[in-house]
Amino acid sequence: MYPAKRVGLEDIILASRLRIRGGNKLKGSISVGGAKNAVVAIIPATILAGDVCTLENVPQLLDVLNFTKILKLLGASAEFIEDNTLRVNPNKINTWDSTDPIMSEFRASYYVLGALLARFNKAKALLPGGCNIGLRPIDQHIKGFEALGATVDIKHGVITVEA
């Protein structure tokens, strides 16, 4: 049996290989943070809920905070009730128009289109923005809306979808 040795990142970087000698039980715990790419798809889905939604393990990142602002602009209440627990009440959402300038501040903003379309039979949003690493095409989303029978119109940076 080998005594436990703490290995630092510097040791791993400098080592030409890493040898792991088994035979010892692993024990301990880690916390796995919430995934931004998952939560930015889940938050707009709350628009379709018939009641309050409580989302756990939600990272408080800029895109998430922007989505809570968007929900509030639509009429919902959205607030962190604990560090990583978001409560959304979509019952008072009263508009299908989500063209506030905050929409163009991040890439996933257009995710509200599908939920608003399902709820109101029409939706309007700004084209996404948010990063400088290249274009973020949404053509597959548009093709999906059209395949489901919706009409899509894009003019002057605004997407309007009706079904």
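Contact, as used in these legends for a predicted model, means heavy atoms within 4.5 Å.

View 1. E4 runs parallel to strand E5 (residues 122–126), and two bridges join the pair. Within this pairing, Ser98 of the structure stands opposite Ala125 in E5. Strands of a sheet pair through backbone hydrogen bonds, either parallel or antiparallel.

**View 2. A salt bridge joins Lys36 and Asp63.** A search of the whole structure finds two salt bridges. In the one between Lys36 and Asp63, the closest N and O atoms are 3.3 Å apart. Lys36 belongs to helix H2 (residues 36–45) and Asp63 to helix H3 (residues 62–74), so the pair ties together parts that are 27 residues apart in sequence. Lys36 is partly exposed, its relative accessible area being 24%, whereas Asp63 is buried, at 15%.

**View 3. Asp153 and Lys155 meet in a salt bridge.** The N to O distance between these two side chains is 3.8 Å. Asp153 has a relative accessible area of 34% and is partly exposed. Lys155, with 52% relative accessibility, counts as exposed.

**View 4. The largest nonpolar core has 36 residues.** The residues with the most contacts inside this core are Ile43, Ile47, Phe67, Ile70, Val112 and Leu113. At least two core residues are supplied by each of H2, H3, strand E3 (85–89), H4, E5, helix H5 (139–147) and E7. In soluble globular proteins, nonpolar side chains tend to be buried together.

**View 5. Phe67 and its contacts, leaving aside neighbours within four places in sequence.** Phe67 is one of the residues with the most contacts inside the largest nonpolar core. Its partners include Val40, Ile43 and Pro44. Phe67 is also in contact with Phe106, Ala108, Ser109, Tyr111 and Val112. Among these partners, Ile43 and Val112 are likewise listed with the most contacts inside the core.

Definitions and conventions. Residues are numbered from 1 along each chain as its sequence is written. This is a predicted model: local features need pLDDT of at least 70, side-chain atom pairs count only at pLDDT 80 or more; totals for chains, interfaces and linings use all residues. Side-chain values use heavy atoms; hydrogens and water are left out. Two strands pair if DSSP finds at least two bridges between them. Helices (H or I, at least four residues) and strands (E, at least two) are DSSP runs, numbered from the N terminus. A salt bridge is a side-chain nitrogen of Lys or Arg within 4 Å of a carboxyl oxygen of Asp or Glu. Buried means under 20% relative accessible area, exposed over 50%, partly exposed in between (1.4 Å probe, protein chains only). A nonpolar core is a set of buried Ala, Val, Leu, Ile, Met, Phe, Trp, Tyr and Cys residues joined through side-chain atoms within 4.5 Å.
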